[in-house]
Amino acid sequence: MESPSSPLILALWAALAALAAGLGPVLLGTPPAPRPRHLGFASALAAGAMLGVGYALMSLGLARSGGAATLGAMLGVAVTYASHVWLGVGAAPRAVRIRHAVGAGALHAAPEGIAMGAAMAADPRFGLFLIATLAVHNVWESEVLGTQILAGGVTRGHAALLGVVSNVPQVVFAVAAFAVAVRAPMSLTVLLGFAFGALTYLCLAELLPDSYRSVGRTSIAVVVSVAAGVVALLGGRLQ
Amino acid sequence: MMAWVSTHPTAYVFLFALLTALATSLGVLPFAFIRTVSARGMAIANAIAAGLMLGASFGLLVEGTHHSGWATFLGTNLGILFIVATQRLLGHGDGGETAFLGARGAGARRMIFVIAIMTVHSFAEGAAVGVSFGGGTTLALAITLAVAVHNIPEGLAITAVMRPQGESLLSCAWWSLFSSLPQPLAAVPAFLFVAYLHAALPYGLGFAAGAMIFMVLVELLPAAYEEAWSRSVAVVTSTTLIAMLLLQRYL
């Protein structure tokens, strides 16, 4: 029987979280008409979950080593910003738009995978909670991503598949981060900080602006802060 | 000095909160050299303020959770409710002819709204300074510093609205200070509340954090996104947040 925090079990849990991303395009309704308010709230819930997860990760990292956690957080912001700039945003042709949407999904998935691996290495119970939270977050996020992909003219099944594919980096980075943290325990704090910095940056650069564009700022602020509070509370109690 | 502090903690809290209020007046300084601040400059100032407030809230939540996770969570939601209620209250103006100082109409309404918003927010910030003293000197210094630095862009925002209406720098400095006067007034009762009713500390810490996070989400970030690239806002806010965490750790 594999330990609950073995790389294989972690890969299976992370793969389930990635599969959850296939649900987004399916849940968009028939036909998938643009519903800005619904998508705005989906982005806000995803942002709140991300901030709550980030808080739980960073408070764990700070408790281990303030310097290493903040160094990791700065690296997380810097690397994600550089990837963001390199990936670019928005383009008219269909293929480019789909590629960018999938690329943006993959960019989100990488730090989420690092968060899963680091959390599992720190505490299996916390790791499982974080994977479950990010699986739900993936459904909300993939609704937004699915709208962009479906606008490119692909079928719903194809959109669901692209949603799952864009989250494959989650599995790869989860296992890699876990392996690094287990072999070099000193790196765990840096990884926790890295995940916090990257998730916070992505939330501020993409999810929150998207939400504000679709729904009023007060509604978004309520949804984000309450969702983040619930996730932080549950995450904090499970550490 | 330390003996005076330990024997007069309430005066100490009042003094620190007064200093944060005075910092608001520093927001007029750029206007001594320039007539206006660019919209992008204001957006970056708001992004920095957002990072500071989020970092300060992080410290309050960590401290509150040490006492009780659920109490901190309830306090956070009370803080959010407080700001939502005050925003609803302020948002229901009659839209009629308004005069304020030398200005009339939309300009006067904008001035009143900005000052009113900042003044109401100041109660929550003052409460944050007050309750943070219940969590120890290190936390208190970090929160005081964060609120003081955060106040400077608030003064900048008030001056940016008042200066084009022909108000003098002195008048802008006074109204900036006025908007933060609730800070020392709210800090002392908040401190006394948590000092004498220790069980209230996590609720108070959560309340202050919730109110500040909500202000960031409802005011500072949307204002920053309106005038700057979301990537720039994200980099500035997250970097400032991390710097604030480092500061709280090693202060």
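Modeller: What follows is a set of questions about the terms used for this structure, which is a predicted model.

Biologist: What makes A:Tyr201 count as buried or exposed?

Modeller: A residue needs 20 or more other C-beta atoms within 10 Å of its own to be called buried, and A:Tyr201, which lies in helix H9 of chain A, has 28 such neighbours and therefore counts as buried.

Biologist: Which residues is A:Tyr201 in contact with, leaving aside its neighbours within four places in sequence?

Modeller: In chain A the partners are A:Gly76, A:Val77, A:Thr80 and A:Tyr81, while in chain B they are B:Ala234 and B:Ser238. The word contact is used here for C-beta atoms that lie within 7 Å.

Biologist: Which residues meet where H3(A) and H4(A) touch?

Modeller: From H3(A) come A:Met58, A:Gly61, A:Leu62 and A:Arg64, and from H4(A) come A:Gly66, A:Ala69, A:Gly72 and A:Ala73. Sorted by class, this contact has four nonpolar, three polar and one charged residues, with Gly counted among the polar ones.

Biologist: How do you know that chain A touches chain B, and how many residues are in contact?

Modeller: By the contact criterion, 30 residues of chain A are in contact with 33 residues of chain B. On the chain A side, helices H3 (36-64), H4 (66-87), H9 (187-214) and H10 (217-238) each supply at least two residues, and H10(A) gives the most, with 12 residues. By class, that side of chain A has 18 nonpolar, 10 polar and two charged residues.

Biologist: What is chain B made of, in terms of helices and strands?

Modeller: Chain B comes to 10 helices and two strands, and from the N terminus on its elements run α-α-α-α-β-β-α-α-α-α-α-α. Of its 251 residues, 55% count as buried.

Biologist: What confidence does the predictor give chain B and the complex?

Modeller: On a scale from 0 to 100, chain B averages a pLDDT of 81, and 84% of the residues score at least 70. For the complex, the predictor gives an ipTM of 0.85 and a pTM of 0.81.

Definitions and conventions
Residues numbered from 1 in each chain as written. Chains lettered and ligands numbered in written order. Predicted model: local features only at pLDDT ≥ 70, side-chain atom pairs only at ≥ 80, totals over all residues. Contact = placed C-beta atoms within 7 Å. Helix = DSSP H or I, 4+ residues; strand = E, 2+ residues; numbered from the N terminus. Buried ≥ 20, exposed ≤ 12 C-beta atoms within 10 Å, placed from the backbone.
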